[in-house]
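User: I'd like to learn how to read the features of a model like this one. Could you walk me through it?

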Amino acid sequence: MASVRNARVVFSEIPQGVPDPQRSVKYDESELIDLDNVPLNGGFLAKAVALSIDPYMRNRMREAHIVQRFSPFLLGKPLVNYGVGRVIRSEHPGIKPGDYFHRKDLSFQEYSVIPDLSDVYVLTNEQKLPWTLYCGVAGMAGQTAWMGWHEYAAPKPGDVCFVTAAGGPVGSFVIQLAKAAGCKVVASAGSADKLQFARECGADVVFNYKTASTADVLQQEGPVNIYWDNVGGTSLDAALAHSANSARFIECGMISTINGESPHVKNLGMIVGNDLKVFGFIVGTLLPRYEDAFYGEVPRLVAEGKIRYREDVKKGLQYVGQAIYEVQTGGNKGKSVISLE
Ligand SMILES: NC(=O)c1ccc[n+]([C@@H]2O[C@H](COP(=O)([O-])OP(=O)(O)OC[C@H]3O[C@@H](n4cnc5c(N)ncnc54)[C@H](OP(=O)(O)O)[C@@H]3O)[C@@H](O)[C@H]2O)c1
């Protein structure tokens, strides 16, 4: 077979503040690949099927010398992130043509050669879910909510659980886990549409953090026994001020500070004063213990209609820059995914 196009999205400029969709990344169709003859060197050739767009990708758009948990994107090279791929050719005994898999650092290009099975999970998909869901409710975002909740929440019926970024894939799943555990759920988000979805997921009290004071709402509805923190900043500060004794603070994300804003947290003394249990976590740390249980349970519950979710799917790599921008600014209406099929 002649060589075919291998379109990709490369990191093109380190952003100051919110990434510019036109400047920070570039869609490029100049590369070709010979699918029959590209050397595999013991690995396998895969076609990207769905690529996840996540808030933390902003952290990877940084100067290469700055050391953080996740490696930086390299200027001129394709982005990488969680995604689903389909195997085309394989020299690896653990995976065969036709298999679908989930991988942590899947390259943002149509085809790539993957050297081995590290960070690869072969998906059986007995429920025949759309593959994009393995980037969302049945993928890393769902894993974050499900694993973080099981590990840290220790819920009791009647506990007040406050969830931020409640209209997104992590927050909306947490709402459902908290309701199933008998909690009263207070949820905040930045649009009427997301608040409506938070309600559909079971939240008892919803409010727009842009137009209502989080501190006033928590004063009325708290004190907070479980705070699922997706945003940091003033929401975290208000939750600290209105925390119950021995409350669990699950520090999942700090998107309000990810683009360089100052956190403005003044009530850290409550961690001591209220005997708070503060759990920062990265889902990858919990993965080895929970991964098989997650895939055994969550896709089935999704197929049975027992977990609500929303997806914001864009078809084509050319929309990656726009999707990254929307996730940073609240424009996404559900789990942001790029579909390539
Ligand atoms: N610890 C981990 O391993 C892990 C794994 C996955 C995700 N996370 C974190 O979990 C959080 C939610 O992730 P997700 O995938 O569910 O994201 P998401 O909801 O799809 O997107 C992020 C949302 O954050 C909200 N936001 C943006 N700027 C904000 C601000 N200044 N203040 C308050 N909210 C703001 C926006 O919604 P609004 O319209 O509501 O403002 C935006 O849609 C993120 O912080 C992410 O980094 C952590």
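User: Happy to start at the ligand: how far is an oxygen atom of the ligand from an N or O atom in the side chain of Y209?

Analyst: A polar contact here is a pair of N or O atoms within 3.5 Å; within protein, one must be able to donate a hydrogen and the other to accept it, and residues adjacent in sequence count only if both atoms are side-chain atoms. In this predicted model, local features need pLDDT of at least 70 and side-chain atom pairs count only at pLDDT 80 or more, while totals for chains, interfaces and linings use all residues. For Y209, a side-chain N or O atom is 2.5 Å from a ligand oxygen. The side chain of K194 has an N or O atom 2.7 Å from an oxygen atom of the ligand, and P169 places a backbone N or O atom 3.4 Å from a ligand oxygen. Residues are numbered from 1 along each chain as its sequence is written, and side-chain values use heavy atoms, leaving out hydrogens and water.

User: How much of the ligand's accessible area does the protein cover?

Analyst: Such areas come from the Shrake-Rupley method with a 1.4 Å probe; for residues, only the protein chains shown count as cover. On its own the ligand has 910 Å² of accessible area, and the protein covers 90% of this.

User: Which elements give two or more residues to the shell around the ligand?

Analyst: Helices (H or I, at least four residues) and strands (E, at least two) are DSSP runs, numbered from the N terminus. Helix 2 (140-152), helix 3 (169-180) and helix 9 (320-329) each give two or more residues to that shell.

User: And why does the ligand lie between domain 1 and domain 2?

Analyst: Domain bounds come from an automatic or database domain assignment. Domain 1 (4-136 + 310-339) and domain 2 (140-283) both contribute residues to the shell, so the ligand lies between them.

User: What should I look for in the backbone?

Analyst: Most residues other than glycine have a negative phi, and most peptide bonds are trans. Here, K128 has a positive phi of about 55° although it is not a glycine, and S246 has one of about 60°. G222 and P223 are joined by a cis peptide bond, with omega about 5°.
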